[in-house]
Amino acid sequence: KGDNDESSFENEQDIDRKKTTRRPITRPPSTKTSPQKRYNNVEINKAIINKAKMKNWEGILDMHENDGEHFDHVNYSTALNQLGRIKGVNRNDPRLKRLLQDLAFKIQNQGIMTWMNPRNFVS
């Protein structure tokens, strides 16, 4: 009986050790953008809003012409929203058409769910 008590005590220690031993959690690679990239997109958004406050719709379109490859879904949304609020935007401006074509291209080729975070649809 004494041997069984000792072996059951050892088993309890093993069980306790297993409970406290944590295995490293392996996660898939993050799909979030790097802090530097997020910072740049935040700066782009601020610049879009600043140009919109000055009713500078041409400046917004010029930003897309010069930095459009860096626009993310939030930048496109902000640009289109601000352009829609500014009176006098030339809707026939070829730069506006390119902005819309670029947005459509990104959605079509990259898929909206991979390009945009699905959580953005909830809020």
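This is a predicted model: local features need pLDDT of at least 70, side-chain atom pairs count only at pLDDT 80 or more; totals for chains, interfaces and linings use all residues.
Residues are numbered from 1 along each chain as its sequence is written, and side-chain values use heavy atoms, leaving out hydrogens and water.

**Exercise 1.** Find how many salt bridges the model has.

Solution. Start with the rule: a salt bridge is a side-chain nitrogen of Lys or Arg within 4 Å of a carboxyl oxygen of Asp or Glu. Then apply it, and the count comes to 5.

**Exercise 2.** Work out which parts of the chain Arg 98 and Glu 65 link.

Solution. First, look at the contact: their side chains meet in a salt bridge, 2.7 Å from N to O. Next, place each residue: Arg 98 lies in helix α5 and Glu 65 in helix α3, 33 residues apart. (Helices are DSSP runs of H or I, at least four residues, numbered from the N terminus.) Finally, check accessibility: Arg 98, at 34%, is partly exposed, and so is Glu 65, at 32%. Partly exposed lies between buried (under 20% relative accessible area) and exposed (over 50%), with a 1.4 Å probe and protein chains only.

**Exercise 3.** Trace the salt bridges of Arg 95, with Asp 62 and with Asp 93.

Solution. Begin with Asp 62, whose side chain meets Arg 95 at 2.5 Å, N to O. Move on to Asp 93, where the closest N and O atoms are 2.7 Å apart. Last, widen the view: Glu 58, Asp 62, Asp 93 and Arg 95 are linked in a salt-bridge network.

Note on methods
Helices (H or I, at least four residues) and strands (E, at least two) are DSSP runs, numbered from the N terminus.
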